[in-house]
Amino acid sequence: MNFVLTEEEKKIFDLLTLEGCCLRCCLRFIGCRNPKHYQDVAELEQLAKYSDVNKESALEEVPCIACLGILQSEIEETVIKRITEEVKIQNYDCTTFTCALTIPISLCLRERSLHICIAKKLDLTKDDYNNVKYRTQNIKDIWKWVVLPKLKNTIGKHADLTTPSPFLLEIFFVYTHDEKECCALLDKLGNTNNKPSERKKKHNSTKYSRKHIESVLSNTSDELFEKCYSFPLAKPNSFIHIGNVLCSHTSIFIGGRYNKLSRQLSQTPWFINGEKKMETSVQDILCEPITEAVKAESIKFLSSGREDVDVRNINSGRPFAVELINPRITNITSELLSNLVTIINNSSTQVKVTTNLKLLSRDDLKKLKEGENVKTKFYRAFCVCRSIPQDMSCLDNLNKLKNVKIVQKTPIRVLHRRPLTPRVRFIYDMRARWAEPQELKNLLNVPSDTDNTFFILDVKTQAGTYVKEFVHGDFGRTKPSLCDLLNVEVDIVALDVTGINLSWP
């Protein structure tokens, strides 16, 4: 064995062995930082022989007084088997993994008790005592050194210890008497105070929470802790056991652009009083095939703005992204993305993906969000004059206007869900022309003798402009509106989003 103990370390090692610590805990308390010494069972057995303590007691198959069995071979195989079974059931395709452990809070109490025990029985100075505490290795780190190499073989994934893997295994260890030990300590600490704590929680359920106990420990001196906690440490009568194993993968993001070709389709599922008002939505059509392909637990649909139910989005389309939460399939190839475009476009005539889908980073999402406020947008509005304008050349004057500043109060149609706030917006450019007869054929109930009252308006606006209200004025809530600029009552028949000026995806 390459590991040689100093005289002081040997005293600590023997003391902890007598107290009932397992060999791995003895090693971590004396500050051993070499993973190989924890992993090699033969070396551990050799270490037991190296100790002056009775050899049988060092290897006795009883719960360790410090780790309650987390670091003992007796439950190691059971834990590995349980984790392996859960990973195989969940069937994630990620080739790496990261582990996170949740351990009973009573382990912190036991570790502190053993530190005090070492200091008292070996008559350590304050500096030596602090050094022992500083050198003690974290039980979670030791567990990972021992178990992760074995997990690699059983689950077929590589443990990523440098950069966190997107695939996380959360292991929850449970000790039957955990709350009992914590309650006993807190009750005794409470009895040492004459006055009830002003910070005491209203509900007792939080009194024994991990956060509360850690806070109490940080404010409790060693002298008070020694008086209130059991010395010597009570021998555990049962091993710790694994309570739950949770598997999860960080979200992945896929994005592109879409066209909405229907005037009877909401962007997201539309519910009123719990009742779904429309059979499907843009979100459903785009996200369901993607969610199914990657076997995601749930999704979040993100887009650069949104169009109304009766508004189409044509030409290059609207930028969108899908956050796929906890996906099982994460090896996203260009072939899979291409197939998804085909599946989506073949599934509906209402929504079409207009670009290749792309895997996105979180920086890409920032661009999508920022674009809502800084981009310019292009619209085509099909408008009608309620009376024939006296001056039919008024559209020519409209086309000469640039950077028109308008003030819009929150429209009546969205006032139920948005605050009443006046917003300053700019209409950068306008191109208007009277509608051609053939352009009216697709509209219903258009009198044949009023052709000249319809016109087409192409407009470039600042993001966040309410175009419908710019056309009809919203009972004077938008100033100026087309009604003001043309000096005639104007309404909107149909609206299309024809362009969103954002570099995406």
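**A salt bridge and its surroundings**

Guide: (A salt bridge here is a side-chain nitrogen of Lys or Arg within 4 Å of a carboxyl oxygen of Asp or Glu.) R110 belongs to helix 7 (residues 106–121) and E181 to helix 10 (residues 178–191), so their pairing ties together parts that are 71 residues apart in sequence. Helices (H or I, at least four residues) and strands (E, at least two) are DSSP runs, numbered from the N terminus. The model is a predicted one, in which local features need pLDDT of at least 70 and side-chain atom pairs count only at pLDDT 80 or more, while totals for chains, interfaces and linings use all residues. Residues are numbered from 1 along each chain as its sequence is written, and side-chain values use heavy atoms, with hydrogens and water left out. In the whole structure, the search turns up 25 salt bridges.

Stay with helix 7 for a moment. Helix 1 (residues 7–19) packs against helix 7 at an angle of about 120°, with the two axes 11 Å apart. (Axes are lines fitted to C-alpha atoms, for helices over the stretch in contact, and angles run from 0 to 180 degrees between N-to-C directions.) That makes helix 1 oblique to helix 7, a word for what is left once angles under 35 degrees count as roughly parallel, over 145 as roughly antiparallel and 65 to 115 as roughly perpendicular. The crossing of helix 1 and helix 7 is right-handed: the near helix is turned clockwise from the far one by less than a right angle. I12, L15, L16 and E19 of helix 1 are in contact with L114, C117, I118 and K121 of helix 7, where contact means heavy atoms within 4.5 Å. By class, these residues are 6 nonpolar, no polar and 2 charged. (Ala, Val, Leu, Ile, Met, Phe, Trp, Tyr, Cys and Pro count as nonpolar, Asp, Glu, Lys and Arg as charged, and the others, Gly among them, as polar.)

Helix 7 also meets helix 8 (residues 126–135): their axes come within 10 Å and cross at roughly 145°. Helix 7 passes helix 8 in a right-handed crossing. On the helix 7 side you will find H115, I116, I118 and A119, and on the helix 8 side Y129, V132 and K133. The contact of helix 7 with helix 8 has 5 nonpolar residues, 1 polar and 1 charged.

Strand 3 (residues 167–174) runs antiparallel to strand 4 and is joined to it by 8 bridges, and L168 stands opposite S248 of strand 4.

I285, L286, P289, I290 and A293 of helix 13 make the contact with L336, L340, I343, I344 and S347 of helix 14. This contact has 9 nonpolar residues, 1 polar and no charged ones.

Last, some backbone details. N273 is not a glycine, yet it has a positive phi of about 55°; it is in the loop between strand 6 (271–272) and strand 7 (275–276). The peptide bond from K479 to P480 is cis, with omega near -15°, and P480 is in the loop between strand 16 (478–479) and helix 18 (482–486). The bond from W504 to P505 is cis as well, with omega near -5°, and P505 is in the segment after strand 17 (490–500).

Technical notes. Two strands pair if DSSP finds at least two bridges between them.
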